Amino acid sequence: MSDEVLLRATNVVKEFSLRSPGLRQRATMRAVADVSFEVRRGETFGIVGESGCGKSTLARCLVQLMTPTSGSVTFNDVELTTLSRRKLRPYRRQMQLVFQDPYASLNPRRRVGDIVAEPMRVNKTGSESEIRARVLELFELVGLDTASIQRYPHEFSGGQRQRIGIARSLSLNPSLVVADEPVSALDVSVQAQVLNLMADLQERLGLTYLFIAHDLGVVRHVSDRVAVMYLGEIVELANADDLYAAPFHPYTEALLSVAPELDDGTQAPRERIVISGDVPAPFNRPSGCTFRTRCPFATDHCAQVAPPLVELTPGRFVACHYPRNRSTTSI
Amino acid sequence: MHAVDGLSLSVGRKEVVGIVGESGSGKSVSMYSMLGLLREANVSVTGSVKFEGRELLGLADREMRVLRGRDIGMIFQDPMTALTPVYKVGWQIAEQIRAHQDVTKAQARQRAIELLGEVGIPEPHRRVDQFPHEFSGGMRQRVVIAMALSCNPKLLIADEPTTALDVTTQAQILELMGKLQDTYDSSIVLITHDMGVISEIADRVVVMYAGRPAEIGDRRAVIRTPQHPYTWGLLGAVPRVETKRSRLATIPGTPVSPLNVPTGCAFAPRCEHRFEKCDERPTLRGDGHLDACWLTIEQKVHLRAGAVETGGHA
C-alpha cells in the first residue's frame, strides 16, 4: 500500500425523489449524505454497514453507474462526475465491479467464456485469438478449469460462478475492483476460498479493492482501512485493527459487540450492547446526529448539532460528539 | 436421493439444540419431515420421531394438526413469506390462537396485542391493525415469533430465524428468543449455517454434512475441541471479528450433491486426512461428544491443532 490516492470522494451526495408510504407528496430520500474519503493505491478499503445504509448506492456513484446529486469523485486526480460518457470510457475500464449475486450477474444464455470475453470485445482490446488466449489465462488465474469455457453458468456452483464474475472483472486489467458483497451469497467454506483467491489476486496484480459487505468478520479479514456507514453517512473511518480493537463511535461499538463470535467458554464474557429500534427511514432523517434516536449516550446537543467527521487521532475519523474508548484524554 | 440419512437426536426440556451445516446438508428437511410437513408423493420418511413419548410418524393428520402450532411452534427464515400480505398481522396471530384454543374473537385479539408487546413491538394496540408490509424485516420476524409463541409451545423449531436480518436486528431477535425460552421453559431447535449464531444461543450442536450428522456435542466442546475434519474446516473458514488471520482455512471443493453421496464417509472426497478406512461409512461414536470419523482420538488431537489454527493469530 502506498500513500498515493487512487480514488477520492468529496462531499458525495445522492438523493432520490420518491413517493413514500404515508406521505401525499413526493419526498426526497438521501441515500448517500455528504460522504468524503479516499482510497489509496494497493489497499483494500472496506465499507461496512447494515442494509439500507447506502453502501451500494455509494459504490455505484463512485464508478459512475449513477451520477451523484452533488460532490466530486476523482480517479487518479481526474474528476469523473463531469466527464461525458465517451470521455469516461477509458476510466470505466480501470474500475470494475464484482456483484453480490453470482446467479443474477451472469447471463444464463451465454457461454461463460463469452461472458468473460465480453468486456474485451466491447473495448476492442485485441484480435479474437488474443482475446481467447486471455480468457484461458483468466480462467487459470481464478482457478477454473480452462476446459469449461464452453459451458453455461447453470453448470457451475455459486463459488465457481463468483470466480467467473471475478475473471470478467479482471479482463481489462483494472486498477480498482469494487466488490459489492462478493461473498455474502456463498456457503462459509466456499466464501473462504473466494476471499483467499481475492487476496492472492491482489498480491499478484497489485489491485486496489473497494470491498463492501455487511459481515463485520469478512470486512475485518480483508480490509486495511474500514469505513462504517449509517443512514448514508460515514460515522467512523479508521485502520481496521484500530477500529476493531477500540471503536470510537457508539454505533460501531454496538455493531461489534453483537457480532456473533465463536465462544468456546475460554474467553471473558463480553458486554453486549443491543441497540433498540430500527434504522430510521432515509426520507425522514433525524435532526442533528442521525444515530441519536438509537444511541444510548445521546443528549439534547446531539439532536441539535450534527457531529462532523473529524480526525480524532491520526488516521482515525469519527462523527460523534461523545466518542467512546478515549481513555487517554477527554475531548 | 437421501436428503437426510440416519439422524438421531434428542432434545431435552428447556434445551437449545443448534443444527448447523451448509446449503443442502439436510438441516431443514430433517425438521420438516419430523413435523409431517413434507407431503409430496415421492417423499418417504422412515425411522421414529417421538414427542413427549408419543410417536409422530404415521400420526393422523388431524392429530398432527393439533400438535403443530400448539405444542410445536415453527419460525421460518423469511418472515415475509411466513405472513400473508393480505391480512392484518393481528388477524393472523388471532387466527392461530382460535384454531387451537376455545376463545372468542375479542379474547384472541387481546392476546395478539399482548403477544406483540411481549416480543418488543412498540405500540402493539396500533400495530395489531397493520399489514405485514408496514413492518420492517426485524419487526416482521417478531410477528412470526409472536405467532409461534401464541399457544406457549413446548418445542420451538426456528429455521434460520435471523439469516435475513442485519446484525443489530439479529442481536435483538436472539436476545428475545433467549428471554422467551426462559419465560416459557420451552425447548428450541435452531437451524442455521452460522457457527457464530450457534455459539450465542445453543446448548448442544449437531453438525450436518450431506444429510448425515458429522458431529454432535456440547456447544463449547464442539467449538473448543471439534472432532470431525468437516467441523475443523467450518470453524477455520469463519472470518473472525476479534482476530485477523492472514489466510482462512478452506475446505477444497464444494458441498456434495445429495444425489450422489459417496457410499463411505460423505466428507471423504473433500477431506485432507482420508485413508483406506474412509471407504466404509463411519457411524457416530464417542461418549457424549459424538463424531462420525475414522481417525483415532490421538490423530484428531494432533491434526486438529494444525487445521483449526491455520494462519495463527496475526
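This is a predicted model: local features need pLDDT of at least 70, side-chain atom pairs count only at pLDDT 80 or more; totals for chains, interfaces and linings use all residues.
Helices (H or I, at least four residues) and strands (E, at least two) are DSSP runs numbered from the N terminus. Ala254(A), Leu255(A) and Val258(A) of α9(A) make the contact with Val167(B), Thr168(B) and Ala171(B) of α8(B), two residues being in contact if their C-beta atoms, placed from the backbone, lie within 7 Å. Five of these residues are nonpolar, one is polar and none is charged, with Ala, Val, Leu, Ile, Met, Phe, Trp, Tyr, Cys and Pro taken as nonpolar, Asp, Glu, Lys and Arg as charged, and the others, Gly among them, as polar.

Across the interface as a whole, 38 residues of chain B are in contact with 36 residues of chain A. On the side of chain B that touches chain A, the elements giving two or more residues are α7 (137–149), α8 (167–184), α9 (195–201), α10 (219–224) and α11 (229–237) of chain B. That side of chain B has 16 nonpolar, eleven polar and eleven charged residues.

Within chain A, helix α5 (residues 158–170) and helix α6 (residues 188–205) pack at an angle of about 20°, with their axes 9 Å apart, which makes α5(A) roughly parallel to α6(A). The crossing of α5(A) and α6(A) is right-handed.

The model scores ipTM 0.80 and pTM 0.86. For chain B the mean pLDDT is 88, and 97% of its residues reach 70 or more, pLDDT being the predictor's confidence in each residue, from 0 to 100. Over residues 310–314 of chain B, however, the pLDDT is below 50.

Residues are numbered from 1 along each chain as its sequence is written, while chains are lettered from A and ligands numbered from 1 in the order in which they are written. Local features need pLDDT of at least 70 and side-chain atom pairs count only at pLDDT 80 or more, whereas totals for chains, interfaces and linings use all residues.

Definitions and conventions. Axes are lines fitted to C-alpha atoms, for helices over the stretch in contact, and angles run from 0 to 180 degrees between N-to-C directions. Angles under 35 degrees count as roughly parallel, over 145 as roughly antiparallel, 65 to 115 as roughly perpendicular and the rest as oblique. A crossing is left-handed if the near helix is turned anticlockwise from the far one by less than a right angle, and right-handed if clockwise.
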